[in-house]
Amino acid sequence: MKIIMLGAPGAGKGTQAKRIAEKYNIPHISTGDIFRANIKNGTELGKKAKTYMDQGLLVPDELVVDLVVDRVAQDDAKNGYVLDGFPRTIPQAEALDAALEKINDKVDYAIDVDVPDSNIIDRMSGRRACVGCGGTYHIVYNPTKAEDVCDACGGQLILRDDDKPETVENRLKVYHDQTQPLIDYYTKKSILKSVDGTKDMNEVFENIVKILEV
Ligand code: ADP
Ligand code: ADP
Ligand code: ZN
């Protein structure tokens, strides 16, 4: 099962991708997590990516595409994967399709987690991310047992710099300009499925499972 998660920043892609990955025992591949790990480790890629991420801009396609194409070719991704945060532009989607076509493969589902802009600031300002495992929580909708401590790994929780309202506004604009066109792209390929991302997390997940198990 090869799945792409689409949706605005903060729509709940990561939250749902994690659950899908656990249920179907496939890797969760998040380009945001990969960049953040590179930043933490001080790599060249991390240094380059950070200048874009801090401004709420997309990292250029040429820094993302090869990384993902290599990742999905790894052994653990043979039976499927859930891509979270990639593709984010039409050229990224075309590059992924071209790479998969070469090996006679294709994406099975593009799941759009639909949340209006009016909910996004609230989602992002309350999001807390674990520096250890990348897990995300929400101070109201998905709080941890102990304040600022990750339930899963005991890591410290932070408010991501790019989740501050000024940057979120840029990210939303970038989403509408560059990523939203993918909805049309995958509709034309007849693999787009939409879920109402304003429902509570469990209900969103149930609706995704229904789509995957028809
Ligand atoms: P969110 O979970 O809020 O959607 P991500 O963690 O997926 O955010 O991404 C954080 C940032 O990393 C993005 O704002 C962007 O700068 C960069 N990024 C992640 N994935 C991509 C991608 N596929 N193409 C370009 N930039 C990306
Ligand atoms: P994305 O990966 O699309 O940027 P996340 O999965 O990180 O989004 O979710 C963004 C924030 O919203 C997090 O704080 C998360 O806990 C919270 N969240 C996710 N799904 C829901 C939901 N259905 N209802 C309320 N809050 C949610
Ligand atoms: Zn953690």
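R171 counts as buried because its relative accessibility is 10%, where buried means under 20% relative accessible area, exposed over 50%, and partly exposed in between, with a 1.4 Å probe and protein chains only. The residue sits in helix 7, which spans residues 165-179; helices (H or I, at least four residues) and strands (E, at least two) are DSSP runs numbered from the N terminus. Leaving out residues up to four places away in sequence, R171 touches P9, G56, M124, R127, R160, D162 and D163, a contact being heavy atoms within 4.5 Å. This is a predicted model, in which local features need pLDDT of at least 70 and side-chain atom pairs count only at pLDDT 80 or more, while totals for chains, interfaces and linings use all residues. Residues are numbered from 1 along each chain as its sequence is written, chains are lettered from A and ligands numbered from 1 in the order in which they are written, and side-chain values use heavy atoms, with hydrogens and water left out.

Taken alone, ligand 1 exposes 560 Å², of which the protein buries 96%, the accessible areas coming from the Shrake-Rupley method with a 1.4 Å probe and, for residues, with only the protein chains shown counting as cover. Around ligand 1 there are 20 residues, and T31, R36, L57, G85 and R171 come nearest, a residue being near a molecule or strand if one of its heavy atoms lies within 4 Å of it. Helix 2, residues 31-40, supplies the largest share of this shell with four residues. By class the shell has nine nonpolar, five polar and six charged residues, where Ala, Val, Leu, Ile, Met, Phe, Trp, Tyr, Cys and Pro count as nonpolar, Asp, Glu, Lys and Arg as charged, and the others, Gly among them, as polar.

R127, one of the residues that R171 touches, carries the description over to ligand 2, because an N or O atom in the side chain of R127 is 2.6 Å from an oxygen atom of ligand 2. The backbone takes part as well: an N or O atom of the Y137 backbone lies 2.7 Å from an oxygen atom of ligand 2, and one of the G12 backbone lies 3.0 Å from an oxygen atom of ligand 2. The protein covers 94% of the 560 Å² of accessible area that ligand 2 has on its own. Its surroundings comprise 18 residues, the closest being G10, T15, R127, Y137 and K199, and they divide into six nonpolar, seven polar and five charged. Helix 1 (13-24) and strand 6 (136-138) each supply at least two residues of this shell.

Between strand 6 and strand 7 (157-158) runs a loop that holds T144, which counts as buried at 16% relative accessibility. The side chain of T144 reaches the backbone oxygen of A146 at 2.8 Å, and, beyond its neighbours up to four places away in sequence, T144 touches Y137, V149, C150, D151 and L157. D148 belongs to the loop between strand 6 and strand 7 too, but D148 is partly exposed, with a relative accessible area of 39%. Most residues other than glycine have a negative phi, and most peptide bonds are trans. D148, which is not a glycine, has a positive phi of about 60 degrees, and a cis peptide bond, with omega about -5 degrees, joins F86 and P87.

Neighbours within four places in sequence aside, I20 is in contact with I3, M5, N25, I26, V82, F205, I208 and L212.

Definitions and conventions. Polar contact = N/O pair within 3.5 Å; in protein donor to acceptor, adjacent residues only side chain to side chain.
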